[in-house]
Amino acid sequence: MSDKISAPLPLRSVRVSDPFWSREMDLIRTAVIPYQWDALNDRIPGAAPSWWAHNMRAAARAIAAKKVGGGYAPVQQNCGFVVSPEEGKPPMEDGFYGFVFQDSDGYKWLEAVAYQLTVKPDAALQKQAQEAVDLIRAAQEEDGYLNTYYSLTGRENAFTNLKDHHELYCFGHLTEAAVAWKQATGKDDLLDVARRFGRCIAEKFGPGKERGCPGHEIAEMALYRLYEETGEAEWKDLAQRFLDVRGTEPSTFALEENRRLKKEGKKELPVTAERYRYYQAHKPVREMDEAVGHAVRQMYLASGMADEARLTGDEAMLKACERLWRSTVNEKMYVTGGVGGTHVGEAFSRPFDLPSDTAYSETCAAIGLAFFARRMLQLTPKAEYADVMERALYNTVLAGMALDGKSFFYVNPLEVDPAACETDERLSHVKPVRQKWFGCACCPPNIARIVSSLGQYIATQTEDALYIHLYIGSEIKATLNGQEITLRLDADLTNTGHVEISVLSGEAEGTVALRLPGWAQNGSAEAKQNSRLQNGYFHFTGVWRAGDTITADFPMTVQAIAASPLVRETSGQVCYTRGPWVYCAEEEDNGKCLHLLRACPERTAEVQCSEKEIDGLTVPALTVPGKRVTMPENVPLYAPWSKPQTTETKITLIPYFAWNNRGKGEMRVWLQSE
Ligand code: FUB
Ligand code: ZN
């Protein structure tokens, strides 16, 4: 295990001032959070209903009236089915609606609010969030159980379907929110709710009790976080228990399925683990070597595993994390930092199966990849982890939200033809425009929470070293060998690639390490100390005093990128990147039929960088040389081959995150090359 285990700085120690990212964070505070609160309360006309506040209130009423589970009994459902009010009838006051994991949406919202309050206190926002906290508290049962689905539909069925029914997932999100709320406000109210639910869960599935583990992971990393916040070992023990049970035989998922089958008088299933690959429960976690199954779950599991490796020094777990990392980023990650090649089960596909148009690349999965990357960085500060984290954050995560913060993508394809996705069943998961909300709205509040906690991704520190991972302008209070210094980080990753770090106050001895980004291998960094390049970080060691500076230059060269020849879908295609940004072509700039464009990546001298305004935001755009295949009139479906006729053209590219902010149209990340 590396002796360089690092921790993110407390959120309030990193004040983001970067023009680009502060706009994103402000947008979340001023537009996204109020919008999402309205969504959770079903007040957005024309948007899919959330039912979050409805379910919470209904559960709170049922609990107050001691009528748990009395109101409404929907047919037995899987997580894939949503309960809606009966056609033409208003919702029942005591009915549960939505997906079984609907509770989690509000928890994520609350977590985002807590981060925002940490960096910028706001009494009105805190009051609103307190309403949500009070509502959640009221929806908790006497024994600590908290899940509106089961409280409203039949508590006696609680914990009978861990595989699909997400109780432990909701607990995980509740816990993440509770820790963030405690850190923001100093209040224990939500933390106590999480603890009480945690104890109710541990009572049933804790060490020495019934074997069980989450069907959708997140509880693992949330429990480690609760342990780190409170120092209470019971949470670490429960997280470990979940990790240890996962993938062992007899499979707990098979056992619970068998209990249901037996009740129905049906034939029971073999209790082997292999059948639960989709849930990452096909083998013991320390033996895992390939990213498989549902992509968000896989990323969340890997994050929890990395926490376990970090907090317990478990070498076998670390090795498993490294293998999962290699599988993810070497074989299964989109150039945009998205993961999940297939919509069938929102899942990882086989290695190198990365189709552009049918891609799933769920926003939450890219967020999960950023979680995993940050944790791998904490274990070992290697630039490649930060490269991937940056790729996910700057591209797929941001693409998940419109520039005005009021509509969202769940699926993030790399090629869109609106006419195709509006008519072709195989593309029914791909939306050509962002949506106001979703029946399954996991992604929008997930974006809100990760962007609001951006400070946790910029830097991490050990006892004697501060690692700068992301070049996002900010003021950072760090501690080196017990002494505090305040640094200012200025960075321009939209134009020059110039970075400056200056010590504003304090004096401390130790190392300040700067990442050499994968996209700027000829970059340089200078300070009064000599630097040592290790694992892709320039290490500057010495005494730091006010006025000291480090300057770095990371050339923002435009790069033409090809995928491995093993990726069938992008064979012969090229995509452009510049710094952390991945680019795409849109119909708005380049006309229809983007598949007829031919990029000319060898003509590098003709590439131009410029600025473009998109919905009020100035983004760095590119113009690259290319050709357009001409289409003669009345061309038959088949004709004798002849060299395609082309005309010279300039292809305009914009950063992928900003696509679809100028109306509906075609989009392509990968262009055919000449
Ligand atoms: O199942 C909960 C969340 O909903 C998952 O993380 C997403 O993939 C969506 O299925
Ligand atoms: Zn999602």
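Glutamate 346 sits in the loop between helix H12 (315-331) and helix H13 (363-379), where helices are DSSP runs of H or I with at least four residues, numbered from the N terminus. Its phi is near 50°, a positive value in a residue other than glycine. This is a predicted model, in which local features need pLDDT of at least 70, side-chain atom pairs count only at pLDDT 80 or more, and totals for chains, interfaces and linings use all residues. Residues are numbered from 1 along each chain as its sequence is written, chains are lettered from A and ligands numbered from 1 in the order in which they are written, and side-chain values use heavy atoms, with hydrogens and water left out.

- Most residues other than glycine have a negative phi, and most peptide bonds are trans.
- Phenylalanine 352 isn't a glycine either, yet it has a positive phi of about 70°, and it lies in the loop between H12 and H13.
- Going from glutamate 249 to proline 250, the peptide bond is cis, with omega near 0°.
- You'll find proline 250 in the loop between helix H9 (233-245) and helix H10 (252-263).

**Around ligand 1**

- Glutamate 346 turns up again here, as one of the residues surrounding ligand 1; a residue is near a molecule if one of its heavy atoms lies within 4 Å of it.
- Sorted by class, the shell has six nonpolar, three polar and two charged residues; Ala, Val, Leu, Ile, Met, Phe, Trp, Tyr, Cys and Pro count as nonpolar, Asp, Glu, Lys and Arg as charged, and the others, Gly among them, as polar.
- Histidine 166 has a side-chain N or O atom 2.7 Å from an oxygen atom of ligand 1, and for a polar side-chain atom of histidine 294 the distance to a ligand oxygen is 2.8 Å.
- Glutamate 362 also has a polar side-chain atom 2.7 Å from an oxygen atom of ligand 1.
- Taken alone, ligand 1 exposes 270 Å², and the protein buries 95% of that (areas by the Shrake-Rupley method with a 1.4 Å probe).

**Two packed helices**

- Helix H1 (residues 19-40) packs with helix H16 (residues 443-452) at an angle of about 145°, their axes 10 Å apart; axes are lines fitted to C-alpha atoms over the stretch in contact, and angles run from 0 to 180 degrees between N-to-C directions.
- On the H1 side, the contact (heavy atoms within 4.5 Å) is made by Glu24, Met25, Ile28, Val32 and Gln36.
- H16 brings Pro444, Pro445, Ile447, Ala448, Val451 and Ser452.
- By class, this contact has eight nonpolar, two polar and one charged residues.

How values were computed: A polar contact is a pair of N or O atoms within 3.5 Å; within protein, one must be able to donate a hydrogen and the other to accept it, and residues adjacent in sequence count only if both atoms are side-chain atoms.
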